[in-house]
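Visitor: I would like to go through this structure with you. Could we begin with the contacts between charged side chains and then turn to the pockets?

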Amino acid sequence: MEKGRNVTWDYARGIAILMIVLYHLYGYSNRGSGSIPVSICHTVQIPIFMYVSGVLSVSSFERYELGRLLYNRAIRLCLPFISFMLIWMIINPTGFVTRVLDEFKGGYWFVLVLFEITLIAGLAKYIAEKTKTNRLLTILLAFVVMTFYECFIPRDNVVNRLFSINLVWHYFPFFILGFYHSNLRKYLQLKLSAFYFLGFAAAQYYFYMTGNSIALPFCNLLSLLFLMSLFLNNIRPMESLFSYLGIYSLQIYLIHYLLLSLVIPYLPIVENRWLEFFYFMALTFAVIMIAVAISKFLMRSKLLAKFLFGIMKSSH
């Protein structure tokens with residue numbers, strides 16, 4: 001583990017990336033229908049990433065002016081997004097336009113949306129400083145504007161799909177919760193974890209049984225509070241493994257789509273759901289470890305580290 005890293009945040013990202021790969025393995029193999037693991041992963045995974053991203057963004061927001069902040073995030077997020085979208089254009093040129101105009105971007109929406117959320121939060125900070133207004137107030141105002149947009153502008157239009165605006169709106173609050181983690185910390189006590197779990201279980205059951213999206217934000221929030229109340233109070237099973245995976249979570253996220261496209265056509269069908277789950281878990285870990293190995297090999301090159309993973313290596 002690198003010095004100065006917070007194990008909690010690496011661990012949280014390690015858990016989240018496991019859920020993401022498992023979720024996509026089920027989905028791309030068309031085995032996700034009616035699956036409890038898929039339903040749980042769907043509601044839990046991204047809020048963790050957004051929350052941790054918010055937490056880790058605080059120092060950058062305080063240290064840099066808006067222009068420098070966005071430049072750094074463009075290198076970290078937009079370069080990998082563009083690079084992997086171009087890789088897919090080479091692999092499947094006929095489907096490239098469809099991928100670009102789809103709000104999920106073939107799966108790579110997360111890095112684009114995270115950049116857009118950083119942009120909005122950064123603009124809110126800039127406006128607050130210029131107008132001497134409370135920063136949280138300008139952030140809430142930005143969210144209100146997005147909410148009005150979501151309510152009154154049809155979701156299925158080119159602008160929404162091109163910039164994944166619905167996803168920005170949906171996950172923006174989780175980034176902001178992470179950004180104000182220091183204020184939220186008192187609500188993440190271990191004694192509250194049972195309350196969060198029961199609430200999550202009820203919302204998750206309703207979502208699983210009905211598919212009603214109104215339950216999704218409650219699943220997102222309560223699962224996030226439950227897991228963070230555990231992680232922050234040193235309940236972190238297999239800490240070394242998941243903390244290690246958390247360090248490479250972005251690289252795993254970017255590479256695993258390519259690996260799944262190679263694996264999925266050859267997967268045997270397992271009729272028993274329990275056996276299938278353990279089989280998919282083993283395969284998930286295999287895909288993750290291969291992705292880590294590939295990324296570590298590619299990152300030997302400073303140029304590839306920058307353009308593929310947004311990593312700026314020091315010359316020293």
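Guide: In this predicted model, the side chains of R135 and E62 meet in a salt bridge, with an N to O distance of 3.2 Å.

Visitor: Where in the chain do R135 and E62 lie?

Guide: R135 belongs to helix α6 and E62 to helix α2. The two are 73 residues apart, and the pair links distant parts of the chain.

Visitor: How many salt bridges does a search of the whole structure find?

Guide: The search finds seven salt bridges. One of them joins D10 to R13, whose closest N and O atoms are 2.8 Å apart.

Visitor: Why are D10 and R13 separated by about one helical turn?

Guide: They are separated by about one helical turn because they stand three residues apart in helix α1.

Visitor: And are D10 and R13 buried or exposed?

Guide: D10 and R13 are both buried.

Visitor: What about R236 and E239?

Guide: R236 forms a salt bridge with E239, and the closest N and O atoms are 2.8 Å apart. R236 has a relative accessible area of 14%, so it is buried, whereas E239 counts as partly exposed because its relative accessibility is 31%.

Visitor: Which residues are linked in a network of salt bridges?

Guide: The network links R31, R273 and E276.

Visitor: Let us change topic. What volume does the largest pocket have?

Guide: Its volume is about 1,300 Å³. The lining consists of 41 residues, and R5, R13, L56, R73 and R76 lie nearest the centre of this pocket.

Visitor: What is the lining of the second largest pocket by class?

Guide: There are 23 nonpolar, seven polar and one charged residues in that lining.

Visitor: One last topic: which residues make the nonpolar surface patch?

Guide: The patch, of about 600 Å², is made by L141, V144, V145, F148, F152 and I153. L141 is placed in helix α6.

Visitor: Is L141 buried or exposed?

Guide: L141 is exposed, because its relative accessible area is 53% and the cut-off for exposed is over 50%.

Note on methods:
Residues are numbered from 1 along each chain as its sequence is written. This is a predicted model: local features need pLDDT of at least 70, side-chain atom pairs count only at pLDDT 80 or more; totals for chains, interfaces and linings use all residues. Side-chain values use heavy atoms; hydrogens and water are left out. On a 1 Å grid over the protein atoms alone, a cavity is a set of points where a 1.4 Å probe fits but cannot get out, and a pocket is an open set with protein on both sides within 12 Å along at least five of seven lines; lining residues have an atom within 4 Å of a point. Grid points are joined across faces, edges and corners, and a volume is the space filled by probe spheres set on the points. Ala, Val, Leu, Ile, Met, Phe, Trp, Tyr, Cys and Pro count as nonpolar, Asp, Glu, Lys and Arg as charged, and the others, Gly among them, as polar. Patches are made of residues with over 30% relative accessible area and no salt bridge: like charges are joined within 9 Å, nonpolar side chains (Val, Leu, Ile, Met, Phe, Trp, Tyr) within 5 Å. Accessible areas come from the Shrake-Rupley method with a 1.4 Å probe; for residues, only the protein chains shown count as cover. A salt bridge is a side-chain nitrogen of Lys or Arg within 4 Å of a carboxyl oxygen of Asp or Glu. Helices (H or I, at least four residues) and strands (E, at least two) are DSSP runs, numbered from the N terminus. Buried means under 20% relative accessible area, exposed over 50%, partly exposed in between (1.4 Å probe, protein chains only).
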